[in-house]
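Hello,

Here is the structure I promised to pass on to you. Please have a look at it first, and then read on for my notes.

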Amino acid sequence: MNMRARGRRSTALAGGLGVALVLAGCGASETSSGGGGGGTAEGSDLTIDCAPYEEFGDLQGETVSIYTSIVDPEDQPHIDSYVPFEECTGIDVQYEGSREFEAQLVVRVQSGNAPDIAFIPQPGLLATLVGTGAVVPAPAQVEANVDEFWDESWKAYGTVEGEFYAAPLGANAKSFVWYSPSAFEEAGYEIPQTWDEMIALSDQIAATGAKPWCAGINSGDATGWPATDWLEDVVLRSAGPEVYDQWVNHEIPFNDPRIVEALDTVGGILKNPDYVNGGLGEVQSIASTEFGDAGLPILDGSCWMHRQASFYQANWPEGTEVSEDGDVFAFPLPPIGADGAAPVLGGGEFTAAFNDRPATQALQTYLSSADWANVKAQVSGPGWVSANTGLDIENLTSPVDRLAAEQFQDPDAVFRFDGSDLMPGEIGAGALWTELTNWIANDKPTQQVLTDVENAWPAS
Amino acid sequence: MQWFLDASTTGHKFALMGFAILLFAAVMGALLFAVDRPRRVPNWVVAAGFLGPTLLLLLVGLVYPALATVRGSFYGRDGSEFVGLDNYATVFTEDNFQTVLLNTALWVVLVPLVTTGLGLVYAYLVDRTRFESLAKALVFLPMAISMVGASVIWKFVYEYRPDQPGVRQIGLLNQLLVLVGIEPQQFLLNAPSNTFYLIVVMIWIQAGFAMTVLSAAIKAIPDDVIEAARLDGVSGLQMFRYVTVPSIRPALVVVLTTVAIVTLKVFDVVRTMTGGQFGTSVVANEFYVQAFRQFNFGLGAALAVLLFVLVIPIVVYNVRQLRLAEEIR
Amino acid sequence: MTTTTPVIAPAPPEERKLGRAERRAVAAKTKLSSPAASAIALLIAVLWTVPTLGLFVTSFRPELDIRRSGWWTALSDPQFTVDNYNEVLYGGGTNFATLFVNSLVITLPAVVIPITLALLAAYAFAWIDFPGRNILFVAVFALQVVPIQVTLIPLLSIYVDTGLAGSFWTIWLSHSIFALPLAVFLLHNFMKEIPASLVEAARMDGAGHVKIFFQVLLPLLTPAIAAFGVFQFLWVWNDLLVALTFAGGAPDVVPLTVRVAELAGTRGSDWYLLAAGAFVSIVLPLAVFLGLQRYFVRGLLAGSVKG
């Protein structure tokens, strides 16, 4: 291989734990806008068992590069979480995050300049990269960890054509409705346990002249994705996980009657002028509202409910109390029909490796271990969770993250990965976004929206 | 060897920078010295000395990728299967791409004309006034701002909030609308007018360039020409129309051309403000989306080739100007 | 150039006594004394300034205010803080001074190298007669349209193969390549404006092309070079795509813009920081522009035509 022309940052990192954690501490105190006491770990007890990495041989002085879409301020906890591993092995882990990750990773892989490891947020992208032949299968140690700590549905998402490539890393739970516990209590509203109760509550709120829901799907060049989450959540509830899988894999047409029904159910909320868009305008305003700002009207009482993932806790302004009886909290989006626990829609990253150097494999092994999940939980502020069942929920600082982790660890809860991340890029990151945006912005009819997505599905 | 590749301290970086510039100067110096030495060398040898490094860089950095792109446009998604003109057929027949083409046409006509017009009028108006340097600095300012910065700036102009009690506007334009009693508008959402609001941003960024170059050209008009016209009783608008504009014609062509080409390539503005949604995409943005987000390299390449083709009229126009200039000389 | 003064029009006696600058000033006065003209100029200036002013005010406002109300409310109810700047400058993992140095180290050669190359090339196109000159010039000119995006993968592949990837060299080279077509085109235009008589005279004295280039043309073109230099400086300084692609993976090389682009956070929740971030990155370009502004005011071509 070519000589690596990477800068060596070992001097900065050799300073060790102390320096890194001081940095982390001040970063967290300034950016933990989610409130909830962004406590970071004290550092002294962050030691791990070095034994699993000894079998990779002497790795002193090796460098492993990681490329991700996770940037400031969420990047610092990642960097800190490698410190125990670096101390065990003497490996220097170089972390690079970029908001242009997806496009840039493709450029780098195509140019032969792939990083050692990339955190890939979509199984669809993973499959594409595997198709280029650049990704190497996960080593046995990683596979053993994943078998031990993850639900098999997660392992399946890291598997392409029967070969296991990528272990899951972080996760986020998407099936949450944010609300204000204090406002609910004042008004005497109860948290709905079923879909019907939720609609009844919405009607009750609408009858007072207020708008119960607020939403926003604008996200720059990814505008539309929050709407895809809505649709997926409802398909998972109304049609069930089997139909969901068939739909995502295009074994049934995209405009199957059950999907049309699901989107109409979503429309019953998002396109109901009595329900939306609290504090933000007419139905149309959903299309232009930044998804990050869309829940904020809850704080001033002009909106009551906002469906968004657990990571939304980072969007509440500094000083907002996120807790079960605070300013804001989340309840699981209730199931449709009577039976069972609410299904969980989620997302997450996967660690793909582009070479099989021992140092790379050692880091892969560490990242798929329960040790890493617990270290990461301790150095992270609110807004991080993993579906790793070895994660001790007590290590999580935020109540919302604990709620999410409980859902992931609940063996009865059906988990499904965010479908738009599983579909081909031109659908899941293209036509579906655009069409659902049209559905809201231009009131395009449901049937036509889904038919147009169906027609855009790539032939093969 | 490592010293030349890895620079991690500030001193080292500056040393490396100095070395790079010196190396460059030494190579160029040696090259020029070599072609200048022999007493009677053919012109083309001298020209090769002056032009060689430039042409070499362009061949490797632009010509080769451009040719690879042309080739790629006839292949499928991952470049392995020959598909003939399929990608072009897609571009010209699908509704989405029709909008993209129309938008690109709007951009490439409106941005250069309005930018040049505004730059010219402004440069003429503030020329040799007491506030000239301040006035120019103000219009030049957007040039100093990156695209990311510019898109944030315009977010605070176009941002929409509904007209409801307790909700305040964040966008300046909607605040003005509310003040005069009009409903706030979704400037970036409603096609086709949203394309025009994006074009405004591009004009805002580019006007400083036009103004600067044109102002320089205005100052270069010989005094006696103006004097003569003045003595003929020409003044005000007529002076602008019959003396200033014809005198700076070459500069106008340069500015129009440059801005037109920059506009054809623009994708930052569209990408950061609407992401090409709501019917605002242009060819350059669509290329990026297709090639790097949807992994459809073939279709992306076809769009890029379309850009090459779109620039042909501009090249032809400039060649004719070049010919004219040659004849005059 | 003609020096004939029209005989017919009797010039007012007082105007004859005025110096050139004063006469121009009189002309300017007549222009701006028209209220419509001054109104138009003022309107443009205001339109061009207000958005930036808004950003400037915004950058000093507290987070919640930025999210909840327009910047103009700060004018009547001033609530200012430097928190955003603190967060931008000290919040991230990377030292800001390092990024600043990187930007500077990237920018200077990326200005000097392409301008020098383009000057030489423009000279060849303007003053050296060789076969195929016009076709070659048109070809170089037409290369302006190649979008940077199509070059990313081919160029990066070459850099990886040569072991240069992730160093300053790749960024310098890339910026130089991308700047060349426009630089050659613009500088060629300035170069042509120089009176042929000057070049001919030097040639008569036995000067070769190299000598003519350095001793006759370069001094005359200084303002144009400075002006184009400022443009190139701004483009390189503000570039994001080139830096992202070619500096990628090398924390010792990445410039300021890369960090500013990350400010909004993984999911864009911290967009309120972008105002402060944008201003941090504007500081140096603005200083450069103000410092070199006299070249713009005097005019790009002033030196050449006046000889």
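**Confidence first**

In this predicted model, pLDDT stays under 50 over residues 1-44 of chain A, and for that stretch the model has 91 contacts beyond four places in sequence. Chain A as a whole averages a pLDDT of 83, with 89% of its residues scoring at least 70.

**Domains of chain A**

How many residues of chain A are in contact between domain 1 and domain 2? On the domain 1 side there are 16, and they meet 19 residues of domain 2. Helix α18 (residues 399-409) of chain A supplies the largest share of the domain 1 side, with five residues. Sorted by class, that side of domain 1 of chain A has eight polar, six nonpolar and two charged residues.

**Where chains B and C meet**

The other contact I looked at is the one between chain B and chain C, to which chain B gives 104 residues and chain C gives 105 residues. On the side of chain B that touches chain C, the largest share comes from helix α3 (residues 43-72) of chain B, which provides 18 residues. By class, this side of chain B holds 72 nonpolar residues, along with 18 polar and 14 charged ones.

Best wishes

How values were computed: Residues are numbered from 1 along each chain as its sequence is written. Chains are lettered from A and ligands numbered from 1 in the order in which they are written. This is a predicted model: local features need pLDDT of at least 70, side-chain atom pairs count only at pLDDT 80 or more; totals for chains, interfaces and linings use all residues. Two residues are in contact if their C-beta atoms, placed from the backbone, lie within 7 Å. Helices (H or I, at least four residues) and strands (E, at least two) are DSSP runs, numbered from the N terminus. Ala, Val, Leu, Ile, Met, Phe, Trp, Tyr, Cys and Pro count as nonpolar, Asp, Glu, Lys and Arg as charged, and the others, Gly among them, as polar. pLDDT is the predictor's confidence in each residue, from 0 to 100.
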